[in-house]
Amino acid sequence: MLAGTVFGALTVLSMLPLQFSDKTAALLGAFLSRFVIGFLIPLCRMPMPAYAKGALIGLLISLPDAVITKGYVPIIGIGVLGGMLIGWLSGRYAGKPDI
């Protein structure tokens with residue numbers, strides 16, 4: 001939950017200067033998407049390095065938002081890079097999930 005909260009908050013902070021027709025919905029949607037990335041990565045087991053697992057989960061969760069907004073590069077890029085970092089950190093410090 002910590003990784004998701006931090007990733008979501010950093011994403012929202014980076015979006016604050018931008019203009020949106022419904023800023024509240026845009027910020028909440030971005031926070032929730034990034035929160036889910038940070039929440040799921042440490043919980044999932046996949047037969048690959050932790051950073052690759054994080055990148056894959058970040059990509060898959062970012063795709064719907066990227067398609068809807070047509071902001072492919074920033075949305076997918078931040079999702080993949082953030083996912084890689086969270087994956088690496090969780091692989092290094094979080095230990096094995098109970099699932």
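P49 is found in the loop between α2 and α3, where helices are DSSP runs of H or I with at least four residues, numbered from the N terminus. This is a predicted model, in which local features need pLDDT of at least 70 and side-chain atom pairs count only at pLDDT 80 or more, while totals for chains, interfaces and linings use all residues. Residues are numbered from 1 along each chain as its sequence is written, and side-chain values use heavy atoms, with hydrogens and water left out.

**The loop residue**
- P49 is partly exposed, with a relative accessible area of 40% (buried is under 20%, exposed over 50%, partly exposed in between, with a 1.4 Å probe and protein chains only).
- The C-alpha atoms of P49 and G87 are separated by 8.4 Å, although the two residues lie 38 residues apart along the chain.

- F31, F35 and F39 form one aromatic cluster, and the structure holds two aromatic pairs (ring centres within 6.5 Å; planes under 30 degrees apart count as stacked, over 60 as edge-to-face and the rest as tilted).
- The rings of F31 and F35 are stacked, because their centres are 6.1 Å apart and their planes lie at 20°.
- The rings of F35 and F39 are likewise stacked, with centres 5.9 Å apart and planes at 15°.
- F35 and F39 are four residues apart in helix α2, so about one helical turn separates them.
- F31 counts as partly exposed at 24% relative accessibility, and F39 is partly exposed with a relative accessible area of 32%.

Notes. Helix = DSSP H or I, 4+ residues; strand = E, 2+ residues; numbered from the N terminus. Phe/Tyr/Trp six-rings, centres within 6.5 Å; stacked < 30°, edge-to-face > 60°.
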